[in-house]
Amino acid sequence: MAHIKIILDENDIPKKWYNIQADLPKPLDPPLNPQTKKPISPDDLKAIFPMELIRQEVSQDRYISIPPPVREIYRTWRPSPLYRAKRLEKFLKTPAHIYYKWEGVSPPGSHKPNSAVPQVYYNMKAGVDRIATETGAGQWGSSLAFSCRIFNIQCRVYMVKCSYEQKPYRRILMENWGAEVFPSPTTLTNAGRTILKQNPNTSGSLGIAISEAIEDAATHDNTNYALGSVLNHVVLHQTVIGLELKKQLEQLEEYPDILLGCVGGGSNFSGASFPFVRDKILGKHPDLRIISVEPTACPTLTKGAYTYDFGDTAGMTPLLKMYTLGHTFVPAAIHAGGLRYHGDSPLLSKLTKERYMEAVAYQQREVFEAAKLFTQLEGFLPAPESAHAIKAAIDFALICKARKEAKVIVFANSGHGHFDLSAYEAYNTNTIKNCEHSPEEIKKAVTTLQKIHK
Ligand SMILES: *Cc1c(COP(=O)(O)O)cnc(C)c1O
């Protein structure tokens with residue numbers, strides 16, 4: 001009988017993360033100092049990150065050991081299950097096999113603690129006693145708050161204002177784990193005050209909240225910064241997803257034809273896909289399609305430029321080479337708050353540029369329609385972010401049906417939507433809007449990038 005779910009043993013939790021930098025056909029373009037335009041040195045990052053994370057950021061080692069105390073905490077919810085979406089397949093009448101790797105089983109409800117736990121662990125080892133961060137939908141803030149509680153470190157979260165207002169329960173969850181949470185932009189930082197002066201009614205953005213958290217870390221001695229996505233070390237930690245996924249599919253004697261995941265900053269999908277991207281780089285599965293799914297409200301990979309840009313709105317970070325809409329771009333306030341980021345992981349961006357990976361974008365309403373169908377058939381309520389991958393999986397399954405192809409479609413299902421019920425209510429009551437920025441708006445945002453190069 002075919003399995004509905006594959007659950008590995010705790011011993012199968014990876015002992016090492018996979019670092020795709022070791023296998024890139026061409027090395028990553030280095031982060032640049034915005035003043036000198038020269039590559040930054042590890043020392044430039046010491047004010048806000050512990051040394052071990054800086055080392056991981058630039059490491060060329062293919063595998064990096066997971067510290068035993070981190071693996072011990074991973075055991076709380078890992079290995080995460082792989083499901084076969086049998087009822088969805090049946091409903092669609094598709095010959096395709098649809099699988100999803102379910103990260104909604106972690107205490108905060110998403111993939112994000114896969115990186116929050118090691119990040120806080122390395123900060124604790126380095127003697128840091130407070131961490132500042134930003135959060136969009138609240139998933140990263142919750143994951144950091146959860147991890148900080150475990151390692152007994154103070155946690156300050158700058159939460160994007162529209163999410164703070166839409167999702168009070170995420171804030172309460174963070175507060176239960178002991179974090180302090182503020183709606184960003186705040187009047188607590190120069191970055192926040194500047195933005196508020198320009199636009200008092202701003203709904204906030206991840207870029208703005210990042211500026212605030214970095215400023216907090218840079219101006220307090222005992223405080224470091226932690227980022228929930230984008231950077232190489234975050235993506236590295238998330239490879240536990242893809243390494244487990246590979247083992248689970250091997251047990252089923254399956255290999256994906258199409259691998260999908262939603263992309264905000266790129267961490268869950270990079271983590272799920274990079275062990276498979278490696279196969280592609282090595283020429284093993286040339287036909288495998290690895291596809292990022294993003295919202296039309298923030299079409300970084302599908303409409304952005306591949307160039308150097310700041311990671312935050314205020315321009316405090318090093319310049320990163322990535323797909324970006326420009327660091328001043330403020331995406332429409334869609335419910336998938338975790339996908340509202342102007343840039344993307346430099347690693348995922350490069351692999352997209354080099355055509356190992358592709359990207360598609362969907363509108364908000366069709367994504368919720370897919371999420372609701374999924375919930376009615378499979379039971380689990382996905383996060384609005386994850387629902388982007390579901391929509392793409394359904395579309396590909398329907399293509400397989402039309403072509404009578406029994407392809408294997410696998411998607412990363414990054415988290416649950418239990419804190420997104422007001423978004424589902426908006427969908428149910430037909431008040432959810434599609435958002436697409438006009439070509440003029442996109443062009444205007446991207447032209448800010450040219451200034452950086454002058
Ligand atoms: C944060 C988040 C995302 C987007 O972030 P990535 O770094 O692109 O993974 C996607 N899904 C969920 C559930 C999230 O919490």
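This is a predicted model: local features need pLDDT of at least 70, side-chain atom pairs count only at pLDDT 80 or more; totals for chains, interfaces and linings use all residues.

User: Which elements give two or more residues to the lining of the second largest pocket?

Analyst: Those elements are H1 and strand E13 (319-324), and H1 supplies the largest share of that lining, three residues.

User: What is the volume of the second largest pocket, and which residues lie nearest its centre?

Analyst: The second largest pocket has a volume of about 330 Å³; 21 residues line it, with Pro 30, Pro 31, Glu 57, Val 58 and Asn 232 lying nearest its centre. By class, its lining divides into 14 nonpolar, four polar and three charged residues.

User: How should I read the largest pocket in turn, and which residues lie nearest its centre?

Analyst: The steps can be repeated there. The largest pocket holds about 490 Å³ of space, and among its 28 lining residues, Leu 45, Ile 48, Met 316, Thr 317 and Pro 318 lie nearest the centre. Helix H1 (51-58) and helix H9 (206-219) are the elements that give two or more residues to this lining.

User: How many residues of each class are in the lining of the largest pocket, and which domains does that lining draw on?

Analyst: There are 20 nonpolar, six polar and two charged residues in the lining of the largest pocket, and at least three residues come from each of domain 1 (23-66 + 112-231) and domain 2 (80-109 + 233-453).

Technical notes
Residues are numbered from 1 along each chain as its sequence is written. Side-chain values use heavy atoms; hydrogens and water are left out. On a 1 Å grid over the protein atoms alone, a cavity is a set of points where a 1.4 Å probe fits but cannot get out, and a pocket is an open set with protein on both sides within 12 Å along at least five of seven lines; lining residues have an atom within 4 Å of a point. Grid points are joined across faces, edges and corners, and a volume is the space filled by probe spheres set on the points. Helices (H or I, at least four residues) and strands (E, at least two) are DSSP runs, numbered from the N terminus. Ala, Val, Leu, Ile, Met, Phe, Trp, Tyr, Cys and Pro count as nonpolar, Asp, Glu, Lys and Arg as charged, and the others, Gly among them, as polar. Domain bounds come from an automatic or database domain assignment.
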